[in-house]
Amino acid sequence: MSRSEKKKATRRRCRRESTTDARARALLTLTATVTRDHDVEVIQDPFVQLTRSHRRLEERLEDLRWAARGARGAAVDVDAVRDVASFFSRAVRRHEEDEELSLFPRLQNNSTLAPLLARLALEHREHLTLQCQLDKLIETLHKTPDDETAIEELAALSEALILAYRKHLDAEEGVLFPGARAVLDAEALDAMATEMSERRSGGGGGGGGGGGRSTATPSSS
Ligand SMILES: [Fe+2]
Ligand SMILES: [Fe+2]
């Protein structure tokens, strides 16, 4: 795909994602479910995988921060910034599918966790807005990599992303994941792991069923 085609694809994604809510995204992915028994990346514990994805994300955010800092008084390494944007559009999207399609639906009847799920899904949309701003900034920096205003915007945007994700990841690792472990049974965890593995092997990864040992009331969890 040529660079101009990639730009068009990015613009389409930003437009599409900004108008597509989590439920619609879930339905789109559900229709793409593929069962594969070969070359599947095996995930044993879905929460270990989700947490590992968070660490990778933090590393890439630091890459973005350093690309912005290193550019002050010089030209931006646009390819380095583009690599981070590409990570957002591939790995972070997939991670959000793991959460929104394989984890959140299994907890949606849990009255203790439901408000947090709504907040986290909303934050995914807010993160996407920031990522789309990054995509636009890359277009500017590609043309003028020493544009001081754009470099300042890049620095501010990288800090905004770091701050937004720090809050989000803290809530997931500090509250959501331990809470989910407490209420989901082994069968639900196995199904999650299978869906996430399929997602990494090119399959759709399915969608989460009701599942869970006790999702109806917090008192029974
Ligand atoms: Fe998340
Ligand atoms: Fe997450």
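Two residues are in contact if their C-beta atoms, placed from the backbone, lie within 7 Å. The model discussed here is predicted.

Me: What share of the contacts with a separation of 6 or more comes from residues 24 or more positions apart?
Reply: Take the contacts in the protein chain with a separation of 6 or more. Count those between residues 24 or more positions apart. Their share is 81%.

Me: How many helices and how many strands does the protein chain have?
Reply: From the N terminus on, the elements run α-α-α-α-α-α-α. The count is 7 helices and 0 strands.

Me: What percentage of the protein chain counts as buried?
Reply: A buried residue has 20 or more other C-beta atoms within 10 Å of its own. The chain has 221 residues. The buried part is 27%.

Me: How far apart are the end C-alpha atoms of helix 5?
Reply: Helix 5 covers residues 114-143, which is 30 residues. At 1.5 Å a residue, the helix should span 44 Å. The value in the model agrees with that: 45 Å.

Me: Are helix 4 and helix 5 roughly parallel or antiparallel?
Reply: Their axes are 10 Å apart and pack at an angle of about 165°. Angles over 145 degrees count as roughly antiparallel. The two helices are therefore roughly antiparallel.

Me: Is the crossing of helix 4 and helix 5 left-handed or right-handed, and which residues of helix 5 make the contact?
Reply: The crossing is left-handed. On the helix 4 side, the contact includes Val78, Phe88 and Leu107. On the helix 5 side, the residues are Leu117, Ala121, His124, Gln131, Leu134, Asp135, Ile138, Leu141 and His142.

Me: Which residues of helix 5 are buried?
Reply: The cut-off is again 20 or more other C-beta atoms within 10 Å. The residues are Leu117, Leu120, Leu128, Gln131, Leu134, Leu137, Ile138 and Leu141.

Me: How do helix 3 and helix 6 run relative to each other, parallel or antiparallel?
Reply: Helix 3 (residues 46-70) and helix 6 (residues 148-183) have axes 9 Å apart. The angle is about 165°. That makes the pair roughly antiparallel.

Me: What is the handedness where helix 3 passes helix 6?
Reply: Helix 3 brings residues including Phe47, His54 and Arg69 to the contact. Helix 6 brings Ile151, Tyr165 and Arg181, among others. The crossing is left-handed.

Conventions:
Residues numbered from 1 in each chain as written. Chains lettered and ligands numbered in written order. Predicted model: local features only at pLDDT ≥ 70, side-chain atom pairs only at ≥ 80, totals over all residues. Helix = DSSP H or I, 4+ residues; strand = E, 2+ residues; numbered from the N terminus. Expected span 1.5 Å × (residues − 1). Buried ≥ 20, exposed ≤ 12 C-beta atoms within 10 Å, placed from the backbone. Axes fitted to C-alpha atoms, helices over the stretch in contact; angles between N-to-C directions. Parallel < 35°, antiparallel > 145°, perpendicular 65-115°, else oblique. Left-handed = near helix turned anticlockwise from the far one by under 90°.
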